[in-house]
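Welcome, and thanks for taking a look at this one with me. Please open the structure below and keep it beside you as you read.

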Amino acid sequence: MNPAPDLRPRLLLVDDEPTNLQVLRHILQADYRLLFATDGERALQVAREQRPDLVLLDIMMPNLDGYAVCRLLKADAATAAIPVIFITALTDSQDETAGFDAGAVDYITKPVSPPVVRARVRTHLSLVRLDELRETRLQIVLRLGRAAEYKDNETGMHVIRMSHFAQQLALAAGCSPAWAEDLLNAAPMHDVGKIGIPDAVLRKPGPLDADEWATMRRHPEIGAEIIGEHPAGVLQLAREIALAHHEKWDGSGYPQGLAGEAIPLSARIVAIADVFDALTTRRPYKEPWPVHEAMDHITAQAGKHFDPALVPLFVPLLPVLQEVRARWAD
C-alpha cells in the first residue's frame with residue numbers, strides 16, 4: 001500500500017544564515033512541509049518550481065536582497081499570489097514600510113518568537129484559503145450560469161455584457177463598489193432556472209401557447225430552488241435576482257407580481273441590463289435593435305416595466321455600455 005500523501009501546506013524558508021533556517025525549521029517542521037533556500041536566486045527558482053503556499057524571507061542577503069526577491073515574486077504571474085512574510089533583524093519603521101511596499105503581507109523581527117511565527121503563518125495561510133474558497137465559489141456561480149446558456153439560444157457574451165451593465169448601473173445608483181462587484185458575479189445566474197424548462201418550450205421558434213408560457217414562467221422559481229437559501233453574499237444575491245428579475249415596477253411581472261420597491265434592487269437593476277442587451281443583440285428569432293431605439297424603449301418603460309429612478313441613471317451610461325458591448329461582442 002502506498003503511503004498517504006503529505007497534504008500539509010508547504011513553506012519556503014529563505015535566509016543566508018543556516019542557523020536562522022534551523023531555528024525556523026524547529027518551529028515549523030511539525031505542522032508544515034518545508035523548503036529551503038540560502039540566497040535570492042535559489043529562492044526564486046524554488047518558488048517557481050515548487051509553488052509554496054507561503055514564503056518566509058530574510059531581507060539582508062548578498063546579491064539579491066529580500067526586497068528584490070519579493071518584488072520579483074510579485075512581478076511573476078506564477079508566483080504573484082504567494083504571500084511573503086519578511087523575517088529580519090531590521091526594526092526601523094522605514095524598513096517595515098519598504099517591506100510592505102515590496103509586496104509582503106507581514107513583517108516579523110528577529111530574534112523570532114516561536115508562538116508569533118506560528119500564529120502569523122497560520123493567519124496568512126487561513127487568508128489564502130479564504131481567497132481560494134471565494135474564488136471557487138465565484139467560479140461555481142459562473143459555471144452554473146454557463147450551464148443555463150447551453151439550454152437557451154443566448155450566448156455567453158450576453159451574460160457577461162448584462163452583468164457588466166448591471167454593475168455600472170449599481171455604481172451610478174450609489175451602491176458600494178463591493179456590492180456592485182457582488183452583483184457582477186451574481187447576475188450571470190439570473191436565468192439558471194431555464195435548466196429546468198423542456199427544450200421543446202425553450203427552443204420553440206414560434207410563439208408559445210398558454211400552457212407553454214405557463215411552463216416558461218416557472219424558470220425564476222426553478223432558478224431560486226437551484227441556487228438555494230443563503231444568509232448573505234453572492235449566492236444570496238444570485239437567488240434574489242433569479243427569482244425576481246422578471247418582476248415589473250407596475251406589478252404586471254412574474255412569478256410573484258411584485259411592484260415598486262417590493263422588488264429587490266438587485267433584480268430591478270438586472271431587469272434593465274438584461275432587456276437592453278437582449279434588444280441590441282441578434283437572436284435566431286429577431287434582428288438586433290439599434291442602440292438608440294433600445295434606449296428609447298427602456299426610457300418609455302420607466303414606471304411600467306422598470307424602476308423610474310434607475311432609468312435616468314442608465315441612459316447617461318451609454319458610452320460605457322458601448323465599450324462593454326465592443327469588448328464582449330458575439
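Here are some notes on charged pairs and on one surface patch.

1. A word before we start: this is a predicted model. Please read the distances and areas below as values computed from that model.

2. The structure holds 11 salt bridges.

3. Next, find Lys-110 and Asp-58, which form a salt bridge with their closest N and O atoms 3.3 Å apart. Lys-110 sits in the loop between strand E5 (106-109) and H5, while Asp-58 sits in the loop between strand E3 (54-57) and helix H3 (66-75), so this pair ties together parts that are 52 residues apart in sequence. Lys-110 counts as partly exposed at 23% relative accessibility, whereas Asp-58, at 3%, counts as buried. Both belong to a network of salt bridges that also includes Asp-15.

4. Is the pair Lys-194 and Asp-191 buried or exposed? Both residues are buried, and their side chains meet in a salt bridge at 3.3 Å, N to O.

5. Leu-130 lies in helix H5, which covers residues 114-149. Leu-130 is partly exposed, with a relative accessible area of 47%, so it passes the patch cut-off of over 30%.

Methods. Residues are numbered from 1 along each chain as its sequence is written. This is a predicted model: local features need pLDDT of at least 70, side-chain atom pairs count only at pLDDT 80 or more; totals for chains, interfaces and linings use all residues. Side-chain values use heavy atoms; hydrogens and water are left out. Helices (H or I, at least four residues) and strands (E, at least two) are DSSP runs, numbered from the N terminus. Buried means under 20% relative accessible area, exposed over 50%, partly exposed in between (1.4 Å probe, protein chains only). A salt bridge is a side-chain nitrogen of Lys or Arg within 4 Å of a carboxyl oxygen of Asp or Glu.
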